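This report describes how selected parts of the model shown below are arranged and how they touch one another.

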Amino acid sequence: MSRLKLSGIAKHFGAIQALQGVSLEVAPGEVLGLMGDNGAGKSTLVKIIAGNFPPSSGTIRIDDKPVHFHRPVDAQDEGIEVVYQDLALCDNLTAASNVFLGREAMRRVGPVRIIDYPAMNRRAGELFRQLKSETRPRDLVRKMSGGQRQAVAIARTLLAEPKIVLMDEPTAAISVRQVAEVLDLIRRLRDRGISVILISHRMPDVFAVADRIAVLRRGDLVANKRTDASSPEEVTGLITGAIELA
Amino acid sequence: MTTIDDVISRSEHRNIVSRITGLPVFWVFLAAVLACLSLTLLTDTFATSRNLFNVTRNFAFVAIIAIGMTAVIASGGIDLSVGSTVVLTAMVISVLMSGGMSFALAAALALGAALAVGFVNGILIAYVGMPPFVVTLGMLSAARSLAMVLSNNKMIWEFGPDHQLLLWIGGGSSFGLPHPVFALLALGIVMSLVFRWTRWGQYVFAIGGNEQAATLTGIPVKRQKVTIYMFSAFTAGIVGILMTGWLGSVTTNLGQSMELAVIAAAVIGGANLAGGEGTALGAVVGALLIEVIRNSLILLGISTFWQGMFIGTFIIVAVAFDRLRSRRT
């Protein structure tokens with residue numbers, strides 16, 4: 001069974017062909033490293049999977065069921081969550097409020113519905129514990145380290161019990177120690193049976209955590225193979241075009 | 001032997017004191033209290049019941065709109081059109097009531113006019129994507145002009161059958177407090193709760209903190225922004241009605257440059273012009289400080305021409321303090 005199956009996904013913007021005939025499968029609990037140079041079509045592909053825009057042609061299947069996304073909410077409803085590159089966090093709110101942003105837990109007090117902060121703090125605390133992160137639900141995000149901020153962004157995706165988590169350059173702008181933290185977070189997602197698609201420029205990170213590596217070059221999928229059957233040298237060659245196909 | 005729990009409880013205990021002293025509102029309130037004390041000692045006119053009555057009523061007008069302004073500023077915007085919304089609302093209710101309409105209906109229509117101003121502001125800012133500064137600056141001019149057209153730029157002092165009721169609502173007092181203060185208390189309490197405990201309040205601060213994030217997490221940012229500008233216009237509308245009753249006559253220069261005092265009050269009270277911060281209590285305390293200072297200038301015999309200088313300096317100093325604070329953390 002495949003969790004996510006893309007068949008012949010193509011996307012053009014006017015005369016520009018951003019993606020041509022990309023076919024790709026991701027199994028449950030599998031980490032796929034998606035690599036490619038700037039403009040190779042990585043973010044276009046991710047945006048199609050996340051429902052930001054539909055593909056020009058091709059089909060998406062989730063658990064072998066065809067799906068059509070018109071808005072990001074459609075993708076969310078099918079269990080796809082995204083961790084954005086800038087994490088999309090509000091610095092002025094607490095970790096728990098950020099985890100629940102847009103999906104606040106509410107409770108009734110007489111005729112009015114108010115935000116249920118205790119429930120949110122409790123649930124966010126559980127999620128941080130599952131991620132083995134030392135993030136505290138009541139702390140302001142402003143005062144957090146890069147790794148803790150990642151944990152908040154990832155906990156947000158877990159709230160919806162997702163099937164697939166897309167991560168856009170999660171290790172691009174943080175320190176070495178925090179990178180290790182984030183890679184651990186990705187392993188925890190995998191251990192829970194969640195499929196992760198990791199978009200990254202950083203070769204060591206992808207090789208450390210991905211089960212399989214897919215390489216895009218100028219809108220073409222030029223490689224899709226197990227990490228242990230490849231090497232950083234080969235992937236570099238595939239990204240730059242020094243190696244044609246693998 | 002000290003256990004880790006002791007250390008934690010002690011640090012939490014220290015937190016309560018440091019949390020209060022860490023609030024900008026605390027220092028502003030302290031400044032207002034000190035100003036009141038020194039005025040009581042320096043003049044024999046400040047602590048008279050007549051003067052205190054005037055101070056509380058005057059500050060209520062600015063404070064009510066400052067609460068609306070706090071919502072706008074906390075969401076990362078600005079509303080320069082509140083002063084003009086005040087005069088437009090006042091003109092609508094005056095013209096309608098002098099034409100024989102009942103207070104209730106005229107007030108409802110006047111508030112409708114205020115909400116319409118906020119709606120137009122919000123639509124242009126949220127859906128057309130224009131900068132709040134430009135839109136509300138344009139509205140500042142447009143709404144006041146509309147008030148002049150409506151009244152033919154004449155003073156109105158006859159309010160038809162409900163004349164006395166209007167004067168009582170805006171200018172009267174109950175239990176020794178002027179009526180605008182009751183409006184302020186009600187609004188202040190309700191909005192303190194709304195800011196903290198409702199989705200609407202949470203989204204105000206989320207949009208001000210990171211608008212992009214708010215959009216990505218599915219918050220209806222555009223709709224929310226429209227309601228925020230409608231709320232600030234609504235507070236201006238309330239003040240327009242109350243001021244009409246208090247003054248007993250309306251001219252088209254009502255509420256002129258009031259937006260500056262309101263923005264100053266909100267900013268002094270801790271609203272962050274970069275968005276994401278602000279409280280209803282802070283807005284009220286900020287307005288209180290401004291009114292006390294303004295009152296003291298008059299009582300100390302300093303020319304009223306200096307008032308603009310003080311308000312302007314206050315805004316700049318408050319923002320400078322905020323910069324220092326955010327640099328330290």
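In this predicted model, the axes of helix 4 of chain B and helix 5 (residues 103–127) of chain B come within 8 Å and cross at roughly 150°. Angles over 145 degrees count as roughly antiparallel, so helix 4 of chain B is roughly antiparallel to helix 5 of chain B. Their crossing is right-handed. On the side of helix 4 of chain B, the contact includes Leu88(B), Val92(B), Ile93(B) and Leu96(B); helix 5 of chain B contributes, among others, Phe103(B), Ala106(B), Ala110(B) and Val117(B). By class, the residues of this contact comprise 13 nonpolar, two polar and no charged.

Helix 4 (residues 82–98) of chain B also packs against helix 6 (residues 132–151) of chain B, with axes that come within 8 Å and cross at roughly 20°. Angles under 35 degrees count as roughly parallel, and helix 4 of chain B and helix 6 of chain B are therefore roughly parallel to each other. Helix 4 of chain B passes helix 6 of chain B in a left-handed crossing. Among the residues that make the contact are Gly83(B), Val87(B) and Met91(B) of helix 4 of chain B, together with Met139(B), Ala143(B), Arg144(B) and Leu150(B) of helix 6 of chain B. This contact has eleven nonpolar, four polar and one charged residues.

| Helix pair | Axes come within | Crossing angle |
|---|---|---|
| Helix 4 and helix 5 of chain B | 8 Å | roughly 150° |
| Helix 4 and helix 6 of chain B | 8 Å | roughly 20° |

Chain B as a whole contains 14 helices and two strands. Its radius of gyration is 21 Å, close to the 20 Å that the globule rule gives for 329 residues, so chain B is as compact as a globular protein of that length. Along the principal axes, the C-alpha atoms of chain B fill a box of roughly 80 × 55 × 35 Å.

The contact between the chains takes 14 residues from chain A and 16 residues from chain B. On the chain A side, nine of these residues are nonpolar, three polar and two charged.

Within chain A, the domain assignment gives domain 1 (4–79 + 162–240) and domain 2 (90–144 + 152–159). The C-alpha centres of these two domains of chain A lie 28 Å apart. Their contact takes four residues from domain 1 of chain A and six residues from domain 2 of chain A. The domain 1 side of that contact in chain A has three nonpolar, no polar and one charged residues.

Definitions and conventions
Residues numbered from 1 in each chain as written. Chains lettered and ligands numbered in written order. Predicted model: local features only at pLDDT ≥ 70, side-chain atom pairs only at ≥ 80, totals over all residues. Contact = placed C-beta atoms within 7 Å. Nonpolar A, V, L, I, M, F, W, Y, C, P; charged D, E, K, R; others polar. Domains from an automatic or database assignment. Axes fitted to C-alpha atoms, helices over the stretch in contact; angles between N-to-C directions. Helix = DSSP H or I, 4+ residues; strand = E, 2+ residues; numbered from the N terminus. Parallel < 35°, antiparallel > 145°, perpendicular 65-115°, else oblique. Left-handed = near helix turned anticlockwise from the far one by under 90°. Rg over C-alpha atoms; globule rule 2.2 N^0.38 Å.
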